[in-house]
Amino acid sequence: MHKDNMKLGIYDSVVVGAGISALLTAQRLSLMGRRVVILEGRSRIGGRLVATEQGFDLGAAWCWPSQERILSGLAKDLGIETFPQPADGMAVMEPGGMQFPDEGAAGPGAIRFRGGLGGLTKRLAETLNADLVTIYTDQAVSQVQTNQDSVMVTSTSSSGEMKEWQARTCIITAPPRVAATSINFSPQLNKDQREAMLSISTWMGETTKIVLEYETNWWQKHDALSGAVFSHVGPLSQIWDNSDAEQNLFALAAFSFDKHAQYLRNLNDDELAKVLTKQLGRAFSVSSPPLPIAIHSAHWITEPFTYAKPPSALPDTRNYGHKLLSQPHHEAVFFAGTETEPYHGHVEGALRSALRVTDQVQAFLIKQENASTTCRAATS
Ligand SMILES: Cc1cc2nc3c(=O)[nH]c(=O)nc-3n(C[C@H](O)[C@H](O)[C@H](O)COP(=O)(O)OP(=O)(O)OC[C@H]3O[C@@H](n4cnc5c(N)ncnc54)[C@H](O)[C@@H]3O)c2cc1C
């Protein structure tokens, strides 16, 4: 930290959001000696990476290591083991029940993480240097005001208590449309940057993900099925085996979209178990499939820190990596997060954005420090 700011207690950077992009950014900046505060609106860290206690991911789960080297490298550095997404046996297509060899329901080469990507995120947070990085949850950022030499960020807790945080820079990692609709920027974002942010949808932000736990992997015992289903009937559109690496915990996981997801959101637990069991029985041609011992659901569309409705006046795009989002707002406010990188909305994009924004912020801070040294030299 620059010594003048050390005296004043100003952070080098305030990071909005505690998803994987924010955590890697904080790690990298702290390795450069920078002091960082992370403000997270939810009561937990991880953003779209969250796992159940048993390690079943309710957000992202897969990595394709041949292309996603930063994520696979990070897992290695953190000592997180990986295992291939199970794909032994036949996949099923609905309607009709046609069976075909499962060549990777998640795409060839997909791997998962022991303890889930939710677990990896927690591990990353634990490794942060506590002298330089502080994380506060339940701090929804509502205002980012850029002044001459610093940025003032206002956050509000769920009980309504407001706090102000002063830093030399601010890094927004909230999904762009969420940031543009929930944070008041002063001075305002320029029109083009704001419209770009409003038009970019959050990757998987409308998805429902459901994990069904079982006592056995009954689908494999029947007809050598892999557990993978691709359904045009619904309510689940894609289903796959989500058991753990040791084959101690058995589970199926699934995505549901649009009107099917809306229908599932309105069911109580018993109704949900019945409806999903009916679909699984039909897809796997089993007359009385077992009921799950537990169901875990994440309806991402209902989460305001992930999803914001598209404004009717603008197109709803997946224009990830828009050039205006790699440019700062009023020099000191930077943007990161997977939607700011041209990489499919995956975790790898979030990590790439962290590397990019760290370099941008460090260059800005050094420039500011050099300018203040030159200024002091000129006046002495
Ligand atoms: C169901 C699902 C399945 C997915 N599957 C995969 C997969 O298999 N593989 C893959 O690579 N990717 C997958 N993804 C995408 C992956 O989850 C994201 O790319 C990644 O988690 C994005 O990280 P991020 O840090 O950019 O954003 P986020 O994780 O969204 O983090 C942003 C953070 O900002 C916080 N925030 C928002 N607004 C505010 C505010 N005003 N104040 C304070 N905090 C705020 C949020 O709470 C959140 O913690 C999936 C996503 C979902 C939802």
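This is a predicted model: local features need pLDDT of at least 70, side-chain atom pairs count only at pLDDT 80 or more; totals for chains, interfaces and linings use all residues.
Local features need pLDDT of at least 70, side-chain atom pairs count only at pLDDT 80 or more, and totals for chains, interfaces and linings use all residues. Residues are numbered from 1 along each chain as its sequence is written, and side-chain values use heavy atoms, with hydrogens and water left out.

**Exercise 1. Describe the shell around the ligand.**

Step 1. Count the shell. The ligand is surrounded by 38 residues, and the closest are Ser21, Glu40, Arg42, Thr338 and Gly345.

Step 2. Sort by class. Ala, Val, Leu, Ile, Met, Phe, Trp, Tyr, Cys and Pro count as nonpolar; Asp, Glu, Lys and Arg as charged; the others, Gly among them, as polar. The shell has 21 nonpolar, 14 polar and three charged residues.

Step 3. List polar contacts (pairs of N or O atoms within 3.5 Å). The side chain of Arg42 places an N or O atom 2.8 Å from a ligand oxygen. A backbone N or O atom of Trp62 is 2.9 Å from a ligand nitrogen. At His346, a polar backbone atom lies 3.2 Å from an oxygen of the ligand.

Step 4. Accessible areas come from the Shrake-Rupley method with a 1.4 Å probe. Alone, the ligand exposes 1,000 Å², and the protein buries 99% of that.

**Exercise 2. Characterise the largest pocket.**

Step 1. On a 1 Å grid over the protein atoms alone, a pocket is an open set of points where a 1.4 Å probe fits, with protein on both sides within 12 Å along at least five of seven lines; lining residues have an atom within 4 Å of a point.

Step 2. Take the volume, the space filled by probe spheres set on the points. The largest pocket holds about 950 Å³.

Step 3. Read the lining. It comprises 50 residues; Arg48, Ala60, Trp203, Met204 and Gly345 lie nearest the centre. By class, 29 are nonpolar, 17 polar and four charged. H5, a helix (a DSSP run of H or I, at least four residues), gives the most to the lining, with three residues.

Key: A residue is near a molecule or strand if one of its heavy atoms lies within 4 Å of it. A polar contact is a pair of N or O atoms within 3.5 Å; within protein, one must be able to donate a hydrogen and the other to accept it, and residues adjacent in sequence count only if both atoms are side-chain atoms. Helices (H or I, at least four residues) and strands (E, at least two) are DSSP runs, numbered from the N terminus.
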